[in-house]
Amino acid sequence: MYNCGILSDRFFVNGTLESILWFMTLNKKRILIISYSFSSQTRNLLNGLIEGLEKSAVEVFWEQLTPVSELRFPIGSISATFLMMMQTFLRKRYPVQAVNPRCFDQWDLIILAGPTWSYNPSGPVLSLLDRDGKRLFEGKVVLPFISCRGYWRVHYFGLRRLLRGCGAKVVAPVVFSHPTPEPWRTIGVFLKLAGKVPEAGSSWIHRFYPKYGHSREQVEDSRKVGFELGENIMAGNSLDRPLFATPVRSGGEEDL
Ligand SMILES: Cc1cc2nc3c(=O)[nH]c(=O)nc-3n(C[C@H](O)[C@H](O)[C@H](O)COP(=O)(O)O)c2cc1C
């Protein structure tokens, strides 16, 4: 209380209030989310996550990566989908536009979010790591957030290695996999990328593949994850140990 010597009650009350606000600002935890999303699945999950985080009064800044050359979803044909899968298997980089300078500020936590592409992090995320990895992540605590059809492990281990190479401290990931069982989710994702609509009522596959991507329940689950994460960060709890028994949120299916 820096106004405690002032005689007027009004000043004293104002001073106390200001002090509380000042203390709250000091105590506020700040989270940066950097994400890429090709077909809106990561973005939908992050919308839920951020709602949850903001309930626990953390400050969130969300930077969405934009590729220099536009990447269109769906890819549009079977041959182009095969080609993209081959290229991304070889870790093709997709250059991204410059990120907001605020990303280079000090953050209590950085969430690096995006889809799995052919067992790897997506090309835009790889490109960001090549260009800005050290400046963004050195000395920072980073939580990988993954949206995938179901095969995330190689992606996670590769991303963790790259982040550690930049000097980051990587904590246990949060992973969401598509809830539709195999083999339908693999067939469904491929057809969807190729420009078909396998989930349409008129399609024979609709019976086995009612929806592309994540379910509404998973977005709700992501909101809960956000709230829990925010509460832990505000309480100053270490993220060294995983917050959840399993990192995978598959919406009822078995975890991989
Ligand atoms: C080129 C490409 C390759 C993919 N490879 C994988 C993969 O290896 N494993 C997996 O589980 N999902 C894979 N997927 C599916 C995406 O990870 C999944 O649909 C994710 O939810 C998409 O998130 P987004 O809409 O935020 O981009 C691939 C998608 C694309 C476009």
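Helices (H or I, at least four residues) and strands (E, at least two) are DSSP runs here, numbered from the N terminus. Residue numbers start from 1 along each chain as its sequence is written. The model is predicted: local features need pLDDT of at least 70, side-chain atom pairs count only at pLDDT 80 or more, and totals for chains, interfaces and linings use all residues.

**Whole chain.** Display the protein as a cartoon. Seven helices and eight strands make up its secondary structure. Of the 256 residues, 33% are buried, where buried means 20 or more other C-beta atoms within 10 Å of the residue's own, exposed means 12 or fewer, and partly exposed is in between, with C-beta atoms placed from the backbone. Contacts are pairs whose C-beta atoms, placed from the backbone, lie within 7 Å. Among contacts between residues at least 6 apart in sequence, 80% join residues at least 24 apart.

**Ligand.** The shell has 22 residues, and S37, S39, Q41, T42 and P115 are the closest. At least two shell residues come from each of α2, α3, β3 (109–117), β5 (141–148) and α6. By class, ten are nonpolar, eleven polar and one charged; Ala, Val, Leu, Ile, Met, Phe, Trp, Tyr, Cys and Pro count as nonpolar, Asp, Glu, Lys and Arg as charged, and the others, Gly among them, as polar. Colour domain 1 (29–179 + 214–249) and domain 2 (182–213): both give residues to the shell, so the ligand lies between them. These bounds come from an automatic or database domain assignment.

**Helix α6.** Next select 184–193, which is α6; R185, G188, V189, L191, K192 and L193 are buried there. Their cover includes α3 (78–89). Just after α6, G195 has a positive phi of about 100 degrees.

**Helices α2 and α7.** Select 41–55 (α2) and 216–234 (α7), whose axes come within 6 Å and cross at roughly 35 degrees. Axes are lines fitted to C-alpha atoms, for helices over the stretch in contact, with angles from 0 to 180 degrees between N-to-C directions. Residues making the contact include N44, L45 and G48 of α2 and Q218, V219 and E220 of α7. The contact has eight nonpolar, seven polar and five charged residues.

**R131.** Finish at R131 in helix α4 (residues 123–137). R131 counts as partly exposed because it has 15 C-beta neighbours inside 10 Å.

Terms used
Contact = placed C-beta atoms within 7 Å. Near = placed C-beta within 6 Å.
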